[in-house]
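Please open the structure in a viewer and keep the selection panel at hand.

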Amino acid sequence: LFAFVDLRPEVEGDFFFSTDDPQLASVRAIDREFGSAAQIFIAARSDELFSPGSLGRIRRLTNDLSRLEGVLDVRSLTRGPDDLGEIDESPFWSRLLLAPDRSASLIVLRVTADEQAPLISAIDRVLDEHSAPGFVLSASGVPYVAEHIRQRLTNELRRFSIAAFVAFAVLVAI
């Protein structure tokens, strides 16, 4: 059974919604019309977001994320608008790159829909490398959350299988 059956849980974009959901159908129609790529959002929270130190950290983080295999495009404070003064004036850039209370900056990654487990692991490593006191990083997005759910389900399935095997062995021994 273990040799021929793949027991890895698959968490995909339609995991939480029925495939015949009318809202999901309309989203798919828009995707077919305009094209899309999965997105991952990284929030960089800092007390002094526009200070040279924070902007330097965001620049280094953006560069490291853009070099990851599977990342198509990255938008951030340092890779987006031509002028940082343009952010507050532009409704597009201010809504895309800044939290409503201006306490955090968003870094938006467009990623491929291919095998995402290695990409999510690489993103986690980069976030761990760049996290520091006063510069807190967190990530979200469908591919990111789906991969972490898959990892959790795999770990839980492994633990449950071991516990069931041990319980069964104890019962057989008794």
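Buried means under 20% relative accessible area, exposed over 50%, and partly exposed in between, with a 1.4 Å probe and protein chains only. This is a predicted model, in which local features need pLDDT of at least 70 and side-chain atom pairs count only at pLDDT 80 or more, while totals for chains, interfaces and linings use all residues. Residues are numbered from 1 along each chain as its sequence is written, and side-chain values use heavy atoms, with hydrogens and water left out.

**The whole chain**

Of the 174 residues, 33% count as buried.

Select Phe4, in the segment before α1 (22-34). Phe4 counts as exposed because its relative accessibility is 78%.

**The core**

Next, select Ile40, Ile42, Leu65, Leu68, Ile107, Leu109 and Ile123, which touch the most other members of the largest nonpolar core, a group of 27 residues. A nonpolar core is a set of buried Ala, Val, Leu, Ile, Met, Phe, Trp, Tyr and Cys residues joined through side-chain atoms within 4.5 Å. Which element gives the most to this core? Helix α5 does, with six residues.

Centre the view on Leu109. Setting aside neighbours within four places in sequence, its contacts (heavy atoms within 4.5 Å) include Ile40, Ile42, Leu65, Val74 and Ile123.

**Helix α2 and its cover**

Select α2 and look for its buried residues: Ser54, Leu55, Gly56, Ile58, Leu61, Thr62 and Leu65. Among the elements covering them are β1, β2, β3, α5 and β4.

Move to His130 in helix α5. His130 counts as buried because its relative accessible area is 16%. Beyond four places in sequence, His130 is in contact with Arg60, Leu61, Asp64, Phe135 and Leu137.

**Salt bridges**

From His130, step to its contact Asp64, which forms a salt bridge with Arg67, the closest N and O atoms being 2.4 Å apart. A salt bridge is a side-chain nitrogen of Lys or Arg within 4 Å of a carboxyl oxygen of Asp or Glu; by this rule the count is four. Is Arg67 buried or exposed? Arg67 is exposed, at 61% relative accessible area, whereas Asp64 is partly exposed, at 21%.

Asp73, also a contact of Leu109, pairs with Arg75, with 3.6 Å between the closest N and O atoms. Asp73 is partly exposed at 23%, and Arg75 is partly exposed at 32%.

Finish at helix α6 (residues 142-173), where Glu156 and Arg159 lie three residues apart, about one turn of the helix. Their side chains meet in a salt bridge, 2.8 Å from N to O. An α-helix has 3.6 residues a turn, so residues three or four places apart point the same way. Glu156 is partly exposed at 44%, while Arg159 is exposed at 52%.

Note on methods:
Helix = DSSP H or I, 4+ residues; strand = E, 2+ residues; numbered from the N terminus.
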